Amino acid sequence: MSHPFSVPLNSGLALLFWAFLAQAGTPRHNQEFDKLLPPEPTMPTQVCIELKAKLAAKNWRLPDELDNNPQQSSPDSKRLQAALEQCPVGSSVKLVGDGVNNAFLSGPFTITSGVTLWVDKGVTLFASRSPADYDLGDGVCGDALPKIKNRCEAWITATDTVNSGIVGEGAIDARGGSILTSGKRAYKTTWWDLSMQSKAKVKLEQNNPRMIQLDGGKNFTFYKISLFNSPKFHVGSKEVDGITLWGIKLLTPSLAYSVPGYQCKKSDMPTPGKLDKPSTCFIPELVKNTDGIDPGTSKNVTLAYSFISTGDDNVAIKSGGSSSDIRPATVNHLYAHNHFYYGHGMSIGSETDAGVKDIKIWDLVVDGNDSGHGVGLRIKSDAKRGGEISGVVYQDVCMRRVKEPLVFSPYYSSTKETKLPPNIHDISVRNFHYVDFPGAKYNKTVIDLSGYADKNVINPLKITLDNVVFPRRPDVRPEHHHDIQYVFGPGPVINFPLQESKTVTVVDMQNADTPTIAPLPCADDTFLTYPSLASPI
C-alpha cells in the first residue's frame, strides 16, 4: 500500500512544501487556542515590606566563605519568613538591592496565602547549601543511600494558599552545584553529585530538596521570574486548582556551575560511584531529576511565553496519588508560545493513574542541542502507574537537534505489574515540523510509539498525525511498535516510518493530488538563543 507520507523530499510534492520554509514566525498565534489563555499577569500594586539585600553575589554565585560554616547557612531566613507572615492578603514582599549588595541567602521558607514574593531585577535569592536546613529529622537529607529517598523538605513551599505568587525580573537560585556544608558527606559532594549515584553499579537514591513545592490551594502565579540550578525538581505541585507560569526563564545548570557551551572537562564532572570529591563543572545530561515544571494532579494550569533548559523533563504533567475520587485529576492544561532547549521534553507521566485529559500544547519550539538525552513530545507510563490519558493536542511545533522527537509509550519501565494498564487515546499532532541543522548529529532521529497489550487487556494508541513533516525517515524502536491506530491527514505526513501490521493500522485522510497545507515554517530565527546572560548554551 502506498501513502503520501513516504514521498522523498526531492519529489515535486515535497519541494512544493519546502518552498514555504523561508517564512519564520514566532510567536505563532492561534486564535482558537489563544483565547483560552488567562490574562497576562502583572506585578503587584501593593508592597507591604521591602527587604534590602545584605550580601553581594558575583558571576552568578555567592562567595563560598560567606556560608562555609553551616551555622551561617541562611542569614536571611528569619526576616524573609517574618515579612511574609506579617503582610496582609493582596500585598507583596519585595526583595531589592542596596548598592553593591544584590543577594539574599535563605533556608526553607513558606509562602503565605494571598501574599506574593517579588524578587526585583538584578537581585538573586540563593538557597542554603546545608542539608541540615532541609532535613526531616533522620539525618538523611544530603546523602545517597540504597532504597531511601525524598528525605528533604522543599526549599520554598506553599500549602493551601489562595492568590499567592512568585514574581519579578530577578532570580531564584537553589545552588545545585555548590559543595554541601553539613551531614555525612559535608565538603565531599554537591547535590548534583548525589543525583548521579542512581547510575552507579550499586544504585543509590538521592536525597535532595525540591526548589518549589505547591500543595493544595488555588491560583498561584509565577511571572517573569528566573529559576536556576535546582537540586531536584524546580516546581512541583499536588492538587492545585490554577497555576499560571508566564514569562519565566528556567535554566539548569547555569554558568554559575558550568562553562560556555557546556564544554566541561570529564575530570571535573560527576561520576557514578564516586562521592569523595565534589565536582566543579556540570552539563545538563549529568544533573539528574532536575525537572522543570511538574504539575501533579492539578487542574487549570498555564505555562506561556517561557524558556526552559534543564537536565530532565522540561515539563512533566503527572497524575498520581490523588486523594480525590474525581477522575481525571489532571485536566485543562495550556502550554503556549514556549521555547525548550536541553531536556527530556514536553512530557506527560510517568505517574498517570488518576487520569490526564484536555491538554493543549501549541507554538512550541524545541532545540535539543544534539543532547544524547534529548526528547521532544513525550507520553510515558506503565502498568504499575498507568491510567487514561486522552484529549491531548500538540499543534504548531518546530523541532531540531532532538534525539527522540516523538515518544508515546506505555512501557516506561520494565515492571511486571499489570494492575494499571495505560490507555492513551485521542492524541493529535498537527503542524509538526522537524528540521535539519547543518552538521547536527540528530538530523537522523528515533521515534517510539506503541499501544499497550498484555494477555488480558489491549489498549491501542489512538493518534492523529496532520501535517507532520520529517526531513528524512526516522528509525523506529521495533520492540514497542504495536497496537497503534493511526489517522493521517488531512494535511500531509512526510517521511513518517509507518510499519503496518496486524496491530498497526492507518486511516488515510490525505489527498496526495491536491496538497493545500504547507509544512509549518521553522526557519533558523524561529529557534531563539536562550535569553539570559547566565546561559552556557
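Helices (H or I, at least four residues) and strands (E, at least two) are taken here as DSSP runs, numbered from the N terminus. On that basis Pro253 sits in the loop between E17 and E18, a stretch that comes up again below. The model is a predicted one, so to speak of local features pLDDT of at least 70 is needed, side-chain atom pairs count only at pLDDT 80 or more, and totals for chains, interfaces and linings use all residues. Residues are numbered from 1 along each chain as its sequence is written, and side-chain values use heavy atoms, with hydrogens and water left out.

First, the overall picture. The chain has 34 strands and four helices. Its radius of gyration is 23 Å, close to the 24 Å that the globule rule gives for 537 residues, so the chain is as compact as a globular protein of that length. (The radius is taken over C-alpha atoms, and the globule rule is 2.2 Å times the number of residues to the power 0.38.) Along the principal axes, the C-alpha atoms fill a box of roughly 70 × 50 × 50 Å.

Of the 537 residues, 60% count as buried, where buried means under 20% relative accessible area, exposed over 50%, and partly exposed in between (1.4 Å probe, protein chains only). The accessible surface comes to about 21100 Å², and carbon and sulfur atoms account for 50% of that; areas come from the Shrake-Rupley method with a 1.4 Å probe, and for residues only the protein chains shown count as cover. Taking contact to mean heavy atoms within 4.5 Å, 78% of the contacts between residues at least 6 apart in sequence join residues at least 24 apart. As for charge, the chain carries 55 positive and 56 negative charges, and their mean positions are 5 Å apart. Lys and Arg count as positive and Asp and Glu as negative, with His and the chain ends not counted; the place of a charge is NZ of Lys, CZ of Arg, CG of Asp or CD of Glu.

Next, the cysteines. With a disulfide defined as a pair of cysteine sulfur atoms within 2.5 Å, the count comes to four. Numbered in sequence order, the bonded cysteines pair as 1-2, 3-4, 5-6, 7-8. One of the disulfides is formed by Cys141 and Cys152, with sulfur atoms 2.1 Å apart. This link is right-handed, with 105 degrees about the S-S bond. Cys141 is in the loop between strand E6 (124-127) and strand E7 (144-145), while Cys152 is in the loop between E7 and strand E8 (156-159), eleven residues apart. Cys141 counts as buried at 3% relative accessibility, and Cys152 does too at 13%.

Another disulfide joins Cys264 to Cys281, S to S 2.0 Å. The torsion about the S-S bond of Cys264 and Cys281 is about -65 degrees, so this disulfide is left-handed. Cys264 and Cys281 each lie in the loop between strand E17 (249-251) and strand E18 (293-296), so the pair ties together parts that are 17 residues apart in sequence. Cys264 and Cys281 are both buried.

Cys398 and Cys522 are also joined by a disulfide, S to S 2.0 Å, and this link is left-handed with -80 degrees about the S-S bond. The pair links distant parts of the chain: Cys398 belongs to strand E25 (residues 388-409) and Cys522 to the segment after strand E34 (504-508), 124 residues apart. Both Cys398 and Cys522 are buried.

Back to the loop between E17 and E18, where Ser254 also has its place. Ser254 counts as buried at 0% relative accessibility and, leaving aside residues up to four places away in sequence, touches Asn229, Ala534 and Pro536. Most residues other than glycine have a negative phi, and most peptide bonds are trans. The peptide bond from Thr252 to Pro253, however, is cis, with omega near -5 degrees. The bond from Gly349 to Ser350 is cis as well, with omega near 10 degrees, and Ser350 lies in the loop between E23 and strand E24 (356-380).

Ser347 lies in strand E23 (residues 346-348) and counts as buried at 0% relative accessibility. Its contacts, not counting residues up to four places away in sequence, are with Asp313, Val315, Ala316, Ile317, Arg378 and Lys380.

Positive phi values turn up too. Tyr305, not a glycine, has a phi of about 50 degrees; Tyr305 is found in the loop between strand E19 (299-304) and strand E20 (307-309) and is partly exposed at 26%. Asn332 has a positive phi near 60 degrees, lies in strand E22 (residues 330-340), and is partly exposed at 35%.
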